Every structure is written in C-alpha cells, then in structure tokens.
Amino acid sequence: MLHVGELGFAVEYRHVGEERGPSVHVFGEVEGREEEILRFDCFDRTPHYHYGFSYISEPQTLIDTAAVGDPLEWACERIGTRLPALLERAKAGHLAAACDPDALRDVAAELLARGRALAA
C-alpha cells in the first residue's frame, strides 16, 4: 500500500470471470470508516471505474480505450492530475486537502510501474 496524506493506494492483478487486468484502488476515511473510494478496473475486455465503490450505489463508468488508449496509463494519469475532482464526485471531497500535487504524481507513476509489472 502506498500513502499520500490520508489516502491509501494499491494495485493488484485480478481475474474476474473472463476479465483480467490490473485494478487500481484508492482508499480513505469516509464517515469514520476506511472505504474504497475509487477503483479503476483496467481489464482487457471492458475496462471501467467505480466511484465510492464500497459505500455508494453507482454504476460502473466505462473507459473508452479508443479515446483514451491504455486504461492503466489513463487511470494513473487521473490519479496524478485529477484526484481532487474524483474525490468530490465520490462524495469524499473532504480528503481533497490531502492531495499534494507532487506526491500524487509520484504515487501515480509508482502505481503505473507496479501495474505494468503485474500485467507482464
């Protein structure tokens, strides 16, 4: 697990049915409990992401690979450059203050490297 302020980040390689690929997780405290705030499933067939995965009933959002290219690279870029806005959307905006831009770029680069190594 990697940490930036009050946020935790992890990447793992998952097999879900016929899907497979790296998943990038963002964790933090929401209403007094540690929650999975965002999850990017960078799967081979249907890459997608979830807002407030463990506490909001929201549908997955598809990642259009024709528009964005590599879903893992795209997800890590979002973490490195857009995380405060994503936290707001996931109803965890109170954690945006923990988003040091330099530290987020560093953690995003590390998540990308780890995700690529897992997928190799």
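**The sheet and its surroundings**

Modeller: The model is a predicted one, and its sheet is open, with six strands in the order E1-E2-E3-E4-E5-E6 and antiparallel pairing. Two strands stand at the edges, namely E1, residues 2–4, and E6, residues 61–62. Each of these has a single partner strand, so one side of E1 and one side of E6 lack a neighbour in the sheet.

Strand E1 joins E2, which covers residues 7–16, through three bridges in the antiparallel sense. Within E2, leucine 7 is the bridge partner of valine 4.

Two helices pack on this sheet. Helix H2, formed by residues 71–89, touches E2, E3 (19–30), E4 (33–41) and E5 (48–51). The direction of H2 makes about 140 degrees with that of E4. Helix H3, formed by residues 101–119, is in contact with E1, E2 and E3. Its direction makes about 20 degrees with that of E2.

The structure contains zero disulfides. For cysteine 76, the nearest cysteine sulfur belongs to cysteine 42 and lies 6.8 Å away; because a disulfide requires sulfur atoms within 2.5 Å, cysteine 76 is in none. Cysteine 99 is likewise in no disulfide, the nearest cysteine sulfur being that of cysteine 76, 15 Å away. Cysteine 76 has a relative accessibility of 3% and therefore counts as buried. Cysteine 99, at 10% relative accessibility, counts as buried too.

Notes
Residues numbered from 1 in each chain as written. Predicted model: local features only at pLDDT ≥ 70, side-chain atom pairs only at ≥ 80, totals over all residues. Heavy atoms only, no water. Buried < 20%, exposed > 50% of the residue type's maximum accessible area, 1.4 Å probe, protein only. Pairing = 2+ DSSP bridges. Helix = DSSP H or I, 4+ residues; strand = E, 2+ residues; numbered from the N terminus. Contact = heavy atoms within 4.5 Å. Axes fitted to C-alpha atoms, helices over the stretch in contact; angles between N-to-C directions.
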